[in-house]
Amino acid sequence: MFTITFDQSPLKVAEAGASYNTNSSSDNSFKEIRLIEVLVDIPAGQFKSQDRDEPQLFTYSIPTHINVEPGDILSVPFGAMYLGAIAIRPTTQIPPGLTLEQIKPVDEVVSKGLFPPYYWQLLQQIATYYQTPLIQVIRTALPPGLLRRSQRRVRLCVDKIPPSGVENFLHPPALKILQLLQANKSKDMSWAELKKKVGGDYWTRKGYQDLLDRGWAESYLDTPKTVQAKQQLAVILIADPHSAVDVTKRQQEVLQILKSCGGEAWLSEFLRLCKTSSSTVKTLAQKGYVLLEEREMLRLAQGIEQTPDRPKTLTPHQTNALNIINQLSGFAEILLHGVTGSGKTEVYLQAIAPILEQGKSALVLVPEIGLTPQLTDRFRARFGEKVCVYHSGLSEGERYDTWRNMTRQQPQIIIGTRSAIFAPLSPLGLIILDEEHDSSFKQDRPAPCYHARNVALWRAQMENCPLILGSATPSLESWVAVRGQQGRGTPKHQNIERFDPISPEPNSKSLINDCYYLSLPERIQSRPLPPVEVVDMRQELRQKNRSIFSSRLQRALQQLQERGQQGILFIHRRGHSTFVSCRSCGYVMECPDCDVSLSYHHIVEDALQTSRQVVPTLRCHYCNYGELYPQRCPQCDSPYFKHFGSGTQRVVEELGRLFPELRLIRFDSDTTRTKDAHRILLTRFAQREADLLVGTQMLTKGLDLAGVSLVGVVSADGLLHLSDYRASERAFQTLLQVAGRAGRGQDPGRVIIQTYTPEHPVIQAVQHYQYQPFVERELQERQELNYPPFGQLIALKLSGLNQAEVEQTAEQFAEVLFSIADEIPELEVVGPAPAPILRVANRYRWQILLKLLPGTFIDPTRLEQLQEVCPRSIRLMIDVDPLHLG
Ligand SMILES: Nc1ncnc2c1ncn2[C@@H]1O[C@H](COP(=O)(O)OP(=O)(O)OP(=O)(O)O)[C@@H](O)[C@H]1O
Ligand SMILES: [Zn+2]
Ligand SMILES: [Zn+2]
């Protein structure tokens, strides 16, 4: 848990000598100067900043007669033009090189409320904490083209205009505008059009100002008229499939699928889903079972309409959790720790209902879009049209429309991935992070490398609303936040300095107790968690089984079809395992100092420029410790000492060879690229079109499929030995999540995990579902080496096309940092070292780790200086609280 400190410094322009802070009555005379930083919509090529594509913030003064707030859309003078702009934050600083007189005033407020008033402070907080320029944070937060898509228009206030004789006293440009508008049927025109007809910006502005002063005209912001609502064919079920008699088996199937989609779908999506032709659907339409109809396609992404459902009767654990949540009124951080299938989603749904009734909105964040269709469907079934989806996968138009819709202040629910934390909802009554432990909540690149959980916490504090973190396997950060440093205590009530948006005085911080630990220890209907069987792959090798499947997993796969059951086969993502291990004894090479596994590297030795030699080496990518790649296992001398990894492709081939009858669906980033692929593949699986779902990480997240009885993990080792201090935590979470997909329906589940190190503490903990003992042990280890959540890490990630240059720069930077560390004993500099995967997309990558003891902060300006001296050919990324090192 960190403290929020907002920059509430007084007006610096008013700093007349040192008297400002000591004599508070003298500041009134200066309060008149109000400055605002704005984001200007500069047409491409009009302005050259250091970085060509980078938009800029400009400072304007606010005239006394208008009220400008952050989030307003403005018209501002810019060179000879007037441009659209978004007010970002009030400032007290005159930009360097300018005098107060040179700062131009804002022209007009065109539209209000593009984001809530405290929003800029949130952006500012992110910029400060994640050491990123504010403008980059703005670019991450606001949807692209927000200004470009908004059109300034002028309309007459018809009832304010006297009936006749106005020609006698109006100036020509004002009269011209009046006549143009009056001639228009809607009494309304775009600014651009007016300008063209009146003859230039200057006269249009003069004329308009006159009409505005008289109250005869006003300007406003509108979506350009060219953006038309899209029409699209929908197919709608109009009769019960069960009563259909005159249909073929296939047609009956198609009707059933439509029913399971909630009775309605877009035709094109539906055809893909059923793998049928439009003639089948047309036949069904002729027979009167379905209706084909043009409908307006909502550009608000709301998903497919669902049959309404009612709140479920809660279990006692759910009731207890909900009661506590319902009693909260202000900020609180709640960890909802519920085992897989314990009904966390139902708790979210019932916690949101009263929030909407109070006229507030709710924000629900989920890890990946692969998980969203099922979850969105459940929300849609409960709350209908009030649910919208927001994530970076939407088109620009969808994002824009959803954004504008969110600022309309009707109570609504936004479901989205990481970037949805920036949704401009207000008032906000509740924020939920589902699967809060998931690492996709952290942005890897570009900067800011923000974690949506941190941002959510700051937002909840600013909005003074509760934040629910839900997970079956909470992150160590969240666990420690609510249970105290050792993770043992009962929910620890902490003192948090809360920002009060109502009275933003520097000292108005209130102390509140606000951490809750809520647990759902049982599955719904007291279904048992599926037993976890661990298979020792070293034994298989001894028994001469060289297949990637143990004989136990082979038997289980065999039985799937015989028993008409379904399974999930989990494969660790390829290309991420760089560790080396022994197939005979399971020994893994580790760094003697850093508690992470060593990474395999080829080093090309070219010292004499005559011979090129490939030398396989093992390297620690924290501290750069290295040794030669041993030919035989240092522990048991076995020659089966290898670099690890088996991809989806290989698994699928082997499955095809061993079980030609088994019907597979591949579910990974290769097969789920297109827009609705997740929904389509999962629906097909749920319709039992396949026996086995084979895939990567994506499978672990929240799938609720009743038919799945078997879960197989091909090799846990890829997860266990990631060369990262978080490897164990992540492996534990992933394995428990994937195990949690089994046995959610009537059939009891079964989980088979294959590994070369069955004695590994993570495997032991997973086998017995021991969350707390695992976490306590892990926390102890982290504490010994000052890893998070105890100490803080900052990674400086360098990359460039020239390997020697990257390495050299990294070494120079490390020198600078070492000298800083000499002054700050709480700072440790580790490295520089090559990233575990040294070269990605042609760029060589090195990194330096900064380790800070609890409570220590490094002055951000010192890291900024590194940014300034960084050669242009090298990219430097500052990753605060990095999750993935490499
Ligand atoms: N009170 C209830 N009564 C009956 N069924 C329920 C109840 N609560 C939830 N369910 C059902 O139980 C199943 C599991 O619930 P849910 O998916 O919400 O669990 P979860 O805790 O989110 O699981 P996971 O962490 O594995 O994603 C769902 O099909 C849900 O509809
Ligand atoms: Zn060995
Ligand atoms: Zn090391």
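**Figure 1. Pro854 in the loop between strand E34 and helix H25 of the predicted model.** Strand E34 covers residues 843-852 and helix H25 covers residues 860-869, and Pro854 sits in the loop that joins the two. Pro854 is partly exposed, because 13 other C-beta atoms lie within 10 Å. Apart from its neighbours within four places in sequence, Pro854 is in contact with Phe790 and Gly791. Glu357 is 497 residues away from Pro854 along the chain, and the C-alpha atoms of the two are separated by 42 Å.

**Figure 2. The shell around ligand 1.** The shell holds 18 residues, of which Thr340, Gly343, Lys344, Thr345 and Glu346 come nearest to the ligand. Helix H11 (residues 344-357) supplies the largest share of the shell, three residues. By residue class the shell divides into 11 polar, four charged and three nonpolar residues. Domain 3 (316-525) and domain 4 (527-577 + 646-784) each contribute at least three residues to the shell. For the complex the predictor gives an ipTM of 0.95 and a pTM of 0.75.

**Figure 3. The largest nonpolar core and a separate core.** The largest nonpolar core has 188 residues, and the members that touch the most other members are Val38, Ile414 and Leu735. Helix H14 (residues 452-463) gives this core its largest share, seven residues. Leu735 is in contact with Val713, Ala716, Leu719, Ile753 and Val766, leaving aside its neighbours within four places in sequence. In the protein as a whole, buried residues make up 43% of the 886 residues.

**Figure 4. Gln252 in helix H7.** Helix H7 spans residues 249-260, and Gln252 belongs to this helix. Not counting residues up to four places away in sequence, Gln252 touches Pro241, Ala244 and Val247. The C-alpha atoms of Gln252 and Leu284 are separated by 9.4 Å, and the two residues are 32 residues apart along the chain.

**Figure 5. Two cis peptide bonds.** Ser426 and Pro427 are joined by a cis peptide bond with omega of about 0 degrees. Pro427 lies in the loop between strand E15 and strand E16, the latter covering residues 428-434. A cis peptide bond also joins Gly831 and Pro832, here with omega of about 5 degrees. Pro832 has its place in strand E33 (residues 827-840).

**Figure 6. Ser526 and Arg688, two residues with positive phi.** Ser526 is not a glycine, yet its phi is positive, about 50 degrees. This residue is placed in the loop between strand E20 (515-520) and strand E21 (532-536). Ser526 counts as exposed because it has 7 C-beta neighbours inside 10 Å. Arg688, likewise not a glycine, has a positive phi of about 65 degrees. Arg688 is found in the loop between helix H19 (677-686) and strand E29 (692-695). Arg688 is exposed because 12 other C-beta atoms lie within 10 Å, and a count of 12 or fewer makes a residue exposed.

**Figure 7. Two stretches with pLDDT under 50.** Over residues 224-229 the pLDDT stays under 50, and the model has four contacts beyond four places in sequence for this stretch. Residues 604-612 also have a pLDDT below 50, with five contacts in the model beyond near neighbours in sequence. Across the protein the mean pLDDT is 80, and 83% of the residues reach 70 or more. The protein has 25 helices and 35 strands. Among contacts with a separation of 6 or more, 76% are between residues 24 or more positions apart.

Methods: Residues are numbered from 1 along each chain as its sequence is written. Chains are lettered from A and ligands numbered from 1 in the order in which they are written. This is a predicted model: local features need pLDDT of at least 70, side-chain atom pairs count only at pLDDT 80 or more; totals for chains, interfaces and linings use all residues. Helices (H or I, at least four residues) and strands (E, at least two) are DSSP runs, numbered from the N terminus. Two residues are in contact if their C-beta atoms, placed from the backbone, lie within 7 Å. A nonpolar core is a set of buried Ala, Val, Leu, Ile, Met, Phe, Trp, Tyr and Cys residues joined through C-beta atoms within 7 Å. A residue is buried if 20 or more other C-beta atoms lie within 10 Å of its own, exposed if 12 or fewer, and partly exposed in between; C-beta atoms are placed from the backbone. A residue is near a molecule or strand if its C-beta atom, placed from the backbone, lies within 6 Å of it. Ala, Val, Leu, Ile, Met, Phe, Trp, Tyr, Cys and Pro count as nonpolar, Asp, Glu, Lys and Arg as charged, and the others, Gly among them, as polar. Domain bounds come from an automatic or database domain assignment. pLDDT is the predictor's confidence in each residue, from 0 to 100.
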